[in-house]
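Me: I would like to go through this structure with you, one part at a time. Please keep the answers plain.

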Amino acid sequence: MRGFCGAAEDGTYKVLSRSGPGHCGKSEGLILLMMPKDSITSAEGRSPASVGRSSRGEGPATAAGKSLLAQRAIKKVRVLQETLYRAAKENPRRTFGVLYDKVCRWEVLWEAWYRVRRNRGAPGVDGRSIEAIKAQGEVAFIRDIQAALLAKQYRPRAVRRVFIPKGRGRFRALGIPVVQDRVIQGAVRLVIEPIFEANFCEGSYGFRPGRGCRDAIAAIRKWVTYGYSHVIDADVAACFDSIDQKLLLELVQRRVRDKWVLRLIRWWLKAGIMETDQVRRPVRGTPQGGVLSPTLADIALHPLDKYWEQQHPDTKLVRYADDLLVLSRWRPAEAYMPSFERMIARLKLQLSEEKTRIVEAESGFDFLGVHFVRKPTRHRGTKVFCYMFPTATAMSHVRRRVREEIGSDVRRPLSEVIQYLNPILRGWSEYYRWLNSAQHFRKIDKYVVFKLQRWLRRKQQRTRRAFRRPPDEWWWEQGLFRLSGRSVRVW
């Protein structure tokens with residue numbers, strides 16, 4: 001059981017809860033609950049010592065490294081999150097009515113700024129970048145945010161709409177808030193995330209502390225190997241842009257009753273989107289790209305996790321954000337599809353007809369860039385195992401990045417080309433090295449060497465003359481990252 005204890009810098013959390021695995025608050029309803037009265041106790045606190053001021057004796061507040069201020073801020077934020085998580089876990093129906101003062105704490109705002117600075121995002125509509133804020137003074141920036149929040153004068157700015165390539169000629173719309181809005185969203189997330197984390201189900205892996213793609217992939221491999229071979233591979237169409245805002249706020253109010261925190265969330269949902277010099281007001285969805293948006297998406301989809309766990313305990317639901325898998329062992333997947341579609345409709349969402357399909361594990365399926373296939377083991381044909389390796393799309397993507405990085409500029413030295421290639425190869429291998437990827441790694445190694453040989457031939461102007469190709473080992477001696485031999489066995 002993964003409990004919530006507080007955010008360390010690496011995003012991990014300690015295990016404190018004694019509840020059994022998969023606990024999601026059995027007394028919680030499916031979609032709507034009668035809103036209980038506020039139940040404030042001394043565990044929340046009404047007069048924190050650090051509200052409204054920063055300690056001058058702690059030295060300058062910088063987000064570089066772990067200074068004394070950084071260590072104190074992280075520790076205080078962790079203690080706050082431990083307290084909130086314990087209180088939420090002990091009583092699944094409890095609501096929290098005093099949270100705004102915790103959002104205004106200097107340590108919470110500083111930790112939120114540290115995370116925004118570490119992510120190195122682009123500027124918003126005001127054009128103010130993180131580098132400009134660092135040059136002007138980080139302490140003054142955080143102090144101005146704290147003063148605006150305490151005076152109840154903060155109002156969010158519109159988000160800047162950008163489009164990034166999604167593949168197959170399509171683009172994904174992102175909304176980039178200004179840096180100030182990102183910091184305040186991060187502070188709200190630090191406060192409300194442990195409250196909702198106490199209720200989230202075991203099958204949810206997206207954008208949660210201490211969880212990630214690797215955990216979801218490992219869970220799928222385990223259940224498919226155990227015999228859950230009937231698969232519903234589903235995807236929610238435009239999930240972030242289609243979330244019903246009214247329903248989302250009702251779900252948030254199940255546990256958060258602080259009017260100012262709710263007002264901040266409502267403002268961010270209604271904030272304008274600047275696109276082609278025009279600002280439009282959205283009526284649905286939460287801008288994908290905001291700091292708080294992933295947590296809000298998990299809150300919006302939590303009723304689906306809860307419903308499926310209660311109504312279909314003989315199946316396994318694995319969800320990473322808006323990508324879902326339903327694994328069945330005894331009954332065919334078609335028997336669960338009507339119930340699945342009804343629950344999605346109750347959340348006022350739709351399934352993507354292009355990406356949603358029913359498949360058997362023996363024929364293989366893709367999820368999170370990994371291809372899963374259930375087949376007999378190589379050494380013992382009487383047993384079956386779920387093998388995993390990179391998808392064809394992932395292979396094409398890394399090849400395209402290698403081509404773009406090598407390019408056609410032969411004036412660069414070989415050491416510079418290798419210097420820029422290595423991070424691409426190293427990052428790709430870290431994601432897939434614990435899978436059955438040995439053959440795929442050898443293919444990528446051969447492709448990289450082939451492209452570098454062609455580039456070196458043009459550099460030496462030997463396109464029409466004899467060219468002696470260096471052996472593969474020569475490239476590794478020059479410092480090129482080698483994928484072969486990097487795979488590990490973890491099962």
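Predicted model: local features only at pLDDT ≥ 70, side-chain atom pairs only at ≥ 80, totals over all residues.

Me: What covers the buried residues of α14?

Reply: The cover includes the strands β10 (370–376) and β11 (384–390), together with the helices α13 (392–406), α15 (438–459) and α16 (472–477).

Me: And which residues of α14 are buried?

Reply: Among them are Leu414, Val417, Ile418, Leu421, Trp428 and Tyr432. The polar residues Asn422 and Ser429 are on the list as well.

Me: Where does α14 have a kink?

Reply: At leucine 421, shortly before proline 423, and the kink is about 30°. From its first C-alpha to its last, α14 (residues 414–432) still reaches 27 Å, close to the 27 Å expected for its 19 residues.

Me: Changing topic: what is the order of the strands in the open sheet?

Reply: The order is β6-β7-β3-β8, with antiparallel pairing. At the edges are β6 (315–320) and β8 (357–360), each of which pairs on one side only. Neighbouring strands are turned by 20° against each other on average, direction ignored.

Me: How many bridges join β3 and β7?

Reply: Six, in the antiparallel sense. In one of these strands, β7, leucine 327 is the bridge partner of valine 231.

Me: Now arginine 319: buried or exposed?

Reply: Arginine 319, which belongs to strand β6, counts as buried because its relative accessibility is 1%, and the cut-off for buried is under 20%.

Me: Which side chain makes a polar contact with that of arginine 319?

Reply: That of serine 204, at 2.9 Å. Arginine 319 also touches other residues, including Tyr205, Asp298, Asp305 and Leu324.

Conventions:
Residues numbered from 1 in each chain as written. Heavy atoms only, no water. Helix = DSSP H or I, 4+ residues; strand = E, 2+ residues; numbered from the N terminus. Expected span 1.5 Å × (residues − 1). Bend = angle between axes of the 7 residues up to and from the residue. Buried < 20%, exposed > 50% of the residue type's maximum accessible area, 1.4 Å probe, protein only. Contact = heavy atoms within 4.5 Å. Pairing = 2+ DSSP bridges. Axes fitted to C-alpha atoms, helices over the stretch in contact; angles between N-to-C directions. Polar contact = N/O pair within 3.5 Å; in protein donor to acceptor, adjacent residues only side chain to side chain. Lists of a residue's contacts leave out its neighbours within four places in sequence.
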